[in-house]
Amino acid sequence: MRPLLATTAAAGLAGLGAGAAAHVWARHVEVHRYTLREIELRILPPGARTRRLLHISDIHLMPQQHRKLAFLEYLAALRPHLVIDTGDNIASAASVPVLAQALDPLLRRPGAFVMGSNDMYQPAPKNPARYLLPDARPEGLTERTEPDLPTQELARRLSEHGWKDLTNARASIELGGLEIRLVGVDDPHLDRDEIPPAADPAPPAPAHGNVLRLGVAHAPYRRVLDGFVADGADLILAGHTHGGQLRVPGVGALVTNCDLPRQQARGLSHRQGVPLHVSAGLGASPYSDYRLFTPPEATLLTLRAPRPGQGS
């Protein structure tokens with residue numbers, strides 16, 4: 001064989017080997033590397049006590065995913081003061097009671113949730129090339145009406161111990177002297193988002209003055225983030241992107257499945273100066289259950305007051 005042909009053949013074989021190794025890693029290893037990320041934010045009012053916020057998202061649970069269920073049960077040991085769930089919890093109707101059992105200790109702590117499209121509609125095979133299009137949503141997705149998953153049962157299970165349903169809704173949670181004012185929307189990926197008007201355009205602060213405003217959505221479309229900013233959010237929480245699901249070293253996420261810039265597909269960034277946390281989530285559709293350089297995750301955000309002299 002001529003040297004050039006030999007070199008080309010060797011390079012081709014090496015490429016095939018690397019691709020096969022990446023597939024095995026993404027499909028059978030990294031998808032089970034459940035990770036707890038920790039972030040500190042100094043966004044509480046001066047003098048407020050530290051609070052721990054657990055952000056979970058995109059569980060996409062199938063009942064037989066025992067390692068994922070074990071990780072969800074582990075998260076309760078963190079004893080967060082507040083839990084925010086940004087949707088896409090299930091991947092089948094049979095997952096609802098299994099999810100509720102795994103989350104039970106967390107459901108008994110203060111919390112709130114929004115739904116994603118996968119809490120409403122059965123997952124289906126998709127052409128991965130669609131994610132490279134300007135609008136990756138399958139044709140007719142936003143026209144679907146009645147869910148074919150037990151969405152109302154899921155909402156009942158998530159709220160039966162006090163979690164707030166933020167489907168185009170506002171709510172308030174008192175955390176020992178800190179008032180959490182929440183506003184959430186139905187899934188923007190389905191064009192169902194509508195930030196509800198405030199009952200009072202300028203609700204009075206409590207006597208102690210300690211208020212934290214959270215904006216909560218499943219899919220971080222820019223129109224929704226800007227709406228939360230205009231609404232006065234101190235922190236915005238979302239999921240949906242799976243961190244890109246496939247990331248390339250030196251490049252990062254290839255797609256976000258929404259109009260959020262790729263560099264904001266995972267972790268902490270800002271939108272018009274407001275902290276934005278996008279969770280890479282804990283799962284994916286059973287038809288595309290793989291991850292590369294973005295392991296499944298939950299995030300514990302430690303919220304603190306400014307340092308003395310730092311200001312708010």
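How many salt bridges does a search of the whole structure find? The search finds 13. A salt bridge here is a side-chain nitrogen of Lys or Arg within 4 Å of a carboxyl oxygen of Asp or Glu.

This is a predicted model, in which local features need pLDDT of at least 70, side-chain atom pairs count only at pLDDT 80 or more, and totals for chains, interfaces and linings use all residues. Residues are numbered from 1 along each chain as its sequence is written, and side-chain values use heavy atoms, with hydrogens and water left out.

## The chain as a whole

The chain has five helices and 14 strands. Both are DSSP runs numbered from the N terminus: helices are H or I with at least four residues, and strands are E with at least two. Buried residues make up 51% of the 312 residues. Buried means under 20% relative accessible area, exposed means over 50%, and partly exposed lies in between (1.4 Å probe, protein chains only).

Now take contacts, meaning heavy atoms within 4.5 Å. Among contacts with a separation of 6 or more, 76% come from residues 24 or more positions apart.

## The sheet

Six strands form an open sheet with mixed pairing. Their order is β1-β14-β2-β3-β4-β5. The edge strands are β1 (35-41) and β5 (164-165), and each pairs on one side only. Two strands pair if DSSP finds at least two bridges between them.

Look at β2 (residues 51-56) and β14 (residues 297-303). These strands run antiparallel and are joined by five bridges. His55 has Thr299 in β14 as its bridge partner.

Helix α2 (residues 66-75) lies across β1, β2 and β14. The helix runs at about 35° to β1. Such angles run from 0 to 180 degrees between N-to-C directions, and the axes are lines fitted to C-alpha atoms, for helices over the stretch in contact.

| Pair | N to O distance |
|---|---|
| Glu153 and Arg157 | 3.0 Å |
| Arg156 and Glu160 | 3.5 Å |
| Arg222 and Asp259 | 3.5 Å |

Start with Glu153 and Arg157. They sit four residues apart in helix α4 (residues 151-159), so about one helical turn separates them. Glu153 is partly exposed at 29% relative accessibility. Arg157 is also partly exposed, at 24%.

Next come Arg156, partly exposed at 42%, and Glu160, partly exposed at 41%. Glu153, Arg156, Arg157 and Glu160 are linked in a network of salt bridges.

What does the salt bridge between Arg222 and Asp259 tie together? Arg222 lies in helix α5 (residues 222-231), and Asp259 lies in the loop between β11 (252-253) and β12 (267-271), so the pair ties together parts that are 37 residues apart in sequence. Arg222 is partly exposed, with a relative accessible area of 35%. Asp259 is partly exposed as well, at 30%.

## The surface

The chain exposes about 14300 Å², and carbon and sulfur atoms supply 55% of it. Accessible areas come from the Shrake-Rupley method with a 1.4 Å probe; for residues, only the protein chains shown count as cover.

Which residues make a nonpolar surface patch of about 300 Å²? They are Leu246, Val248, Val251 and Leu254. Patches are made of residues with over 30% relative accessible area and no salt bridge: like charges are joined within 9 Å, and nonpolar side chains (Val, Leu, Ile, Met, Phe, Trp, Tyr) within 5 Å. Leu246 lies in the loop between β9 (235-238) and β10 (247-248). Leu246 counts as partly exposed, at 33% relative accessibility.
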